[in-house]
Amino acid sequence: MVTDPDGGELAATLRRIERAAGTLATASVARMDETLPWFRTLPADQRSWVMLVAQAGVRSLVTWLRQGGAADSTQELSDDVFAAAPRALARSISLQQTVALIKVTIDVVEEQVPDLAAPGEEQLLREVVLQFSREIAFSAARAYARAAESRGAWDARLQALLVDALLRGDSPDELASRAAALGWGDAPPVAVAVGRSPGGEVAAVLHTVYRAARRIGVEIIGGVHGDRLVIVLGGASNPLAATEKLLAGFGAGPVVVGPAVPSLDEATDSARAALAGFRAAP
């Protein structure tokens, strides 16, 4: 749809957009501040990251136009937009909020079409902006999906380390630091359950158990240790009854629940008892 910027469609418009790139980004962030109450509450560093993303978005639009609007370059360029900000931004701003930021930026650009477009190119510019904004939205979804995958993998490693620490009997401080990194609330009582792992991908195994735990409203941390699935339960008034509702996540064989303890600091005793019972159960 877009041809060579030196002589084809949108050539004059492209030069105008390049000159206005900084102004567009600044105006977009100002509009976000006016229309999005949650944006005004963001820390200064996160607001500056959003500014970087807005500037990168305008630059990517210009680059995309220079490349003639080639479909095979759109994903790479739109991904570059979110590469301008740290991954921490994805943990601070939800996907829904990111879509709202994109919408504000696109609205600002569309409002400036009469000034940005050369005579006769207004409608074409609107179509180009609409097409590019769609790709930016897809890129946002990809960025959040990658962040979720990375966070999920990191959480799985932390959980495995916490389970190992419990089974080794590490110090309470070590357990507390690992649990805090996972957002563990340490709701009493705490108990450890040990059973056979059903096998397969660890992430899939833990997902099944976590989904069941959410349904019954208990807090858990889980890990696969060899062929065993070890679950730390928190906030279940009756840990044995709660574990019965999680049995679908375990493999065949006995599941043993250790005694309830007041907090994670003392969960090593529950883990040792559960492991001893699991070994003796056959």
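The axes of helix α1 (residues 11–35) and helix α6 approach within 9 Å and cross at roughly 125°, where axes are lines fitted to C-alpha atoms, for helices over the stretch in contact, and angles run from 0 to 180 degrees between N-to-C directions. The two helices α1 and α6 are therefore oblique to each other, on a scale in which angles under 35 degrees count as roughly parallel, over 145 as roughly antiparallel, 65 to 115 as roughly perpendicular and the rest as oblique. The crossing of α1 and α6 is right-handed, meaning that the near helix is turned clockwise from the far one by less than a right angle. Contact, defined as heavy atoms within 4.5 Å, involves Leu24, Ala27, Ser28, Arg31, Met32 and Thr35 on α1, and Leu101, Val104, Thr105, Val108 and Glu111 on α6. These residues comprise six nonpolar, three polar and two charged, with Ala, Val, Leu, Ile, Met, Phe, Trp, Tyr, Cys and Pro counted as nonpolar, Asp, Glu, Lys and Arg as charged, and the others, Gly among them, as polar.

The model is a predicted one, in which local features need pLDDT of at least 70 and side-chain atom pairs count only at pLDDT 80 or more, whereas totals for chains, interfaces and linings use all residues. Residues are numbered from 1 along each chain as its sequence is written, and side-chain values use heavy atoms, with hydrogens and water left out.

Helix α1 also packs against helix α3 (residues 44–66), at an angle of about 155° and with the axes 9 Å apart. That angle makes α1 roughly antiparallel to α3, and the crossing of this pair is right-handed. Among the contributing residues are Leu14, Ile17, Ala21 and Leu24 of α1, together with Val50, Met51, Ala54 and Val58 of α3; the contact of α1 with α3 divides into 13 nonpolar, two polar and four charged residues.

In the protein as a whole, the secondary structure amounts to twelve helices and four strands, taken as DSSP runs (helices H or I, at least four residues; strands E, at least two) numbered from the N terminus. Of its 282 residues, 44% count as buried, that is, under 20% relative accessible area with a 1.4 Å probe and protein chains only.

Within strand β2 (residues 219–225) lies Gly222, which is buried, with a relative accessible area of 0%. The C-alpha atoms of Gly222 and Ala160 are separated by 7.3 Å, although the two residues are 62 residues apart along the chain.

Note on methods: Buried < 20%, exposed > 50% of the residue type's maximum accessible area, 1.4 Å probe, protein only.
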